[in-house]
Amino acid sequence: MKIEILGCSGGMGLGLHTTCLRINQHLLIDAGSGLGQLSQEELLAIRHILITHAHLDHLCFLPLLIDNLFEHLEQPIEVYALPEVIQVMQQHIFNWQVWPDFSTLPTPEHPVVRFHAIQPDQPLVLEQLKITPFSVQHTVPTCGYHLISEHGRCFAFTSDTTFSADLVARLNQFGPLDALMTECAFPNRMQDLARASQHLTPMLLKQLLSELDHPPQQVWLSHLKPSQTAEIRDEIQQLRSASQLHLLRSGEQFSL
Ligand SMILES: [Zn+2]
Ligand SMILES: [Zn+2]
């Protein structure tokens, strides 16, 4: 399983892009501004997009992608998300005011994009990957994704979340992971804001990792707020963890 970090920032700035992962050639998780790193040819190869939640930093380039490919696609792009997330996208983005409703274009029978409602803990199989959505605690309905490759390699991405006992329990149910990608949006001194906005700090991350039955060898961290990145990095470097903690950068690629 090849995992490419197209975007992993909690904000914007030179060289910073928001959440978008490419898994092998045809699958994306989220469609933040990192999606703009792909060429037209690479964009045309995208077949499936898993959306974690409706926050703008996770789907802002989805409308532009569909518009870009409109005249070139032979099959619709398949978008998967929780029902509440699909409803928000249809009501507030693809509503003919912010953007056209591409799920009815060029015709309702043969649209350029199709939305598929998924449910937590109901696996689906796409591109030889078994993919299980799981609920996480955030300010809006949000799911992470657990992926198993045909060779049995396991990867989980929590998306935006704060610490919760439910998250610990769910990750423990999945068993050992080859890599866990999660977030660390705020430094410890902003714990109240992290709790209110349902994100993680280094202390909350440490609590999460310490309660896992099988601490993953690799933990990849994303969604750092640009103005607090140096502070968060210092705090993460001081954490003692059984896992190797890695701060992600846009453009990194991993093979599991
Ligand atoms: Zn969010
Ligand atoms: Zn976010």
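Trainee: What should I know before reading the model?
Mentor: This is a predicted model, where local features need pLDDT of at least 70 and side-chain atom pairs count only at pLDDT 80 or more, while totals for chains, interfaces and linings use all residues. Residues are numbered from 1 along each chain as its sequence is written, chains are lettered from A and ligands numbered from 1 in the order in which they are written, and side-chain values use heavy atoms, with hydrogens and water left out.

Trainee: How many salt bridges does a search of the whole structure find?
Mentor: Side chains of opposite charge can pair when their charged atoms come close. Here a salt bridge is a side-chain nitrogen of Lys or Arg within 4 Å of a carboxyl oxygen of Asp or Glu. The search finds 7.
One of them pairs Glu 4 with Arg 22, at 2.7 Å from N to O. Glu 4 sits in strand S1 (residues 2–7) and Arg 22 in strand S2 (residues 20–23), so this pair ties together parts 18 residues apart in sequence. Helices (H or I, at least four residues) and strands (E, at least two) are DSSP runs, numbered from the N terminus.

Trainee: Are Glu 4 and Arg 22 buried or exposed?
Mentor: Buried means under 20% relative accessible area, exposed over 50%, and partly exposed in between (1.4 Å probe, protein chains only). Both Glu 4 and Arg 22 are buried.

Trainee: Which residue forms a salt bridge with Asp 121?
Mentor: Arg 170 does, with the closest N and O atoms 2.6 Å apart. This pair links distant parts of the chain: Arg 170 is in helix H5 (residues 165–174), and Asp 121 is in the loop between strand S6 (113–117) and strand S7 (124–126), 49 residues apart. Arg 170 is buried at 16% relative accessibility. Asp 121 is partly exposed at 40%. Look at its backbone too: Asp 121 has a positive phi of about 70°, although it is not a glycine.

Trainee: Which residues are the protein donors of the zinc ion (ligand 2)?
Mentor: Donors are N, O and S atoms within 2.8 Å of the metal (3.2 Å for Na, K and Ca); water is not among the atoms, so sites may look incomplete. For ligand 2 they are Asp 57 (OD), His 58 (NE2), Asp 160 (OD) and His 223 (NE2), at 2.0 to 2.2 Å. Asp 160 also bridges to the zinc ion (ligand 1), and the two ions lie 3.5 Å apart. Both His 58 and Asp 160 are buried.

Trainee: What is the volume of the largest pocket?
Mentor: On a 1 Å grid over the protein atoms alone, a pocket is an open set of points where a 1.4 Å probe fits, with protein on both sides within 12 Å along at least five of seven lines; lining residues have an atom within 4 Å of a point. The largest pocket has a volume of about 230 Å³, the space filled by probe spheres set on the points, which are joined across faces, edges and corners. Of its 17 lining residues, the closest to the centre are Cys 8, Leu 16, Thr 229, Leu 248 and Arg 249.
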